[in-house]
Amino acid sequence: MSLLKRFSKKEDGVITIEFLLMFPLYFFLMLAGIENGFVMLRHALLEQSVTNTVRDIQLSPVNPPNYQEVKELICDGHGLIKDCTTDLKVEMFSLDFNSNVSIPTGASCIDKPEEIDLPDKFATGTENQLMFMRVCAGFDPFIKGPGLLSLMLPKNGKGQFNLVTVAAFSIEPQ
């Protein structure tokens with residue numbers, strides 16, 4: 001009994017217990033913040049790359065790029081997605097507001113483990129035509145394992161997270 005009383009009155013090591021309880025939480029939040037920063041960086045680079053590609057498409061209606069060339073243009077401006085040309089899906093189609101055609105909802109990201117490089121919808125458009133481009137890029141997180149990122153972003157069939165960006169533009173006349 002005296003040993004138990006003596007042990008309960010000592011306060012040595014109290015800070016160690018608090019540290020052991022709180023350190024994993026702070027460490028997890030720090031890693032989640034770093035990963036979130038990389039996701040935002042990837043998304044900003046993807047947005048910029050799509051914007052530059054759209055500008056190239058807008059200004060060259062005589063010789064529009066094909067599907068593979070558009071993917072390469074986007075990937076050339078983006079450096080943080082490994083295997084960008086295989087993990088990128090581009091949809092581009094024209095919109096005619098006179099016929100009440102709505103924009104399809106949901107991006108058709110690559111959702112199968114095998115490589116699929118065929119576009120579901122890809123049209124380059126003609127002069128003065130309103131075009132819509134949706135790009136979906138799959139990426140692996142820098143920090144593997146469970147985290148806040150896996151709770152917030154959907155995964156595809158390869159176990160990658162998807163980033164989606166859209167652009168609407170008009171083909172400039174010559």
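Predicted model: local features only at pLDDT ≥ 70, side-chain atom pairs only at ≥ 80, totals over all residues.

Student: Okay, how many helices and strands does the chain have?

Tutor: Four helices and three strands, in the order α-α-α-β-β-α-β from the N terminus. Helices here are DSSP runs of H or I with at least four residues, strands are runs of E with at least two, and both are numbered from the N terminus.

Student: And how much of the chain is buried?

Tutor: Of its 174 residues, 30% count as buried. Buried means under 20% relative accessible area, exposed means over 50%, and partly exposed is in between, using a 1.4 Å probe and protein chains only. The accessible surface of the chain is about 11200 Å², and 60% of that belongs to carbon and sulfur atoms; the areas come from the Shrake-Rupley method with a 1.4 Å probe, and for residues only the protein chains shown count as cover.

Student: What about contacts between residues at least 6 apart in sequence?

Tutor: Among those, 77% join residues at least 24 apart. A contact means heavy atoms within 4.5 Å.

Student: Let's zoom in on α3. Which residues are buried there?

Tutor: Helix α3 covers residues 67-76, and its buried residues are Tyr67, Val70, Lys71, Ile74 and Cys75. Looking down the axis of α3, they fall within an arc of 130°, so they line one face of the helix. That arc is taken from the directions from the helix axis to the C-beta atoms.

Student: What covers them?

Tutor: The cover includes α2 (14-58), β1 (88-95) and β2 (130-139).

Student: How buried is Val70 itself?

Tutor: Val70 has 0% relative accessibility. The C-alpha atom of Val70 is 8.6 Å from that of Ile57, a residue 13 positions away along the chain.

Student: What caps the N-terminal end of α3?

Tutor: Asn66 does, with a side-chain oxygen 3.3 Å from the backbone nitrogen of Gln68. A polar contact is a pair of N or O atoms within 3.5 Å; within protein, one must be able to donate a hydrogen and the other to accept it, and residues adjacent in sequence count only if both atoms are side-chain atoms.

Student: Switching to α2: is Asp56 buried or partly exposed?

Tutor: Asp56, which lies in α2, is partly exposed at 41% relative accessibility. Val39, also placed in α2, is buried with a relative accessible area of 8%.

Student: Now the cysteines. Which ones does a disulfide join?

Tutor: Cys75 and Cys84, with an S to S distance of 2.1 Å. The search of the whole structure finds one disulfide, counted as a pair of cysteine sulfur atoms within 2.5 Å. The angle about the S-S bond is -85°, and the link of Cys75 and Cys84 is left-handed.

Student: Are those two cysteines buried or exposed?

Tutor: Cys75 is buried at 11% relative accessible area, and Cys84 is buried at 9%.

Student: Last topic: how many aromatic pairs are there?

Tutor: Three aromatic pairs. Rings of Phe, Tyr and Trp (its six-membered ring) pair if their centres lie within 6.5 Å; planes under 30 degrees apart are stacked, over 60 edge-to-face, and the rest tilted. The rings of Phe139 and Phe161 have centres 6.0 Å apart and planes at 45°, so that pair is tilted. Phe139 sits in β2 and Phe161 in β3 (residues 161-170), so the pair ties together parts 22 residues apart in sequence.

Student: And which residues form an aromatic cluster?

Tutor: Phe19, Phe23 and Phe27 form one.

Technical notes:
Residues numbered from 1 in each chain as written. Heavy atoms only, no water.
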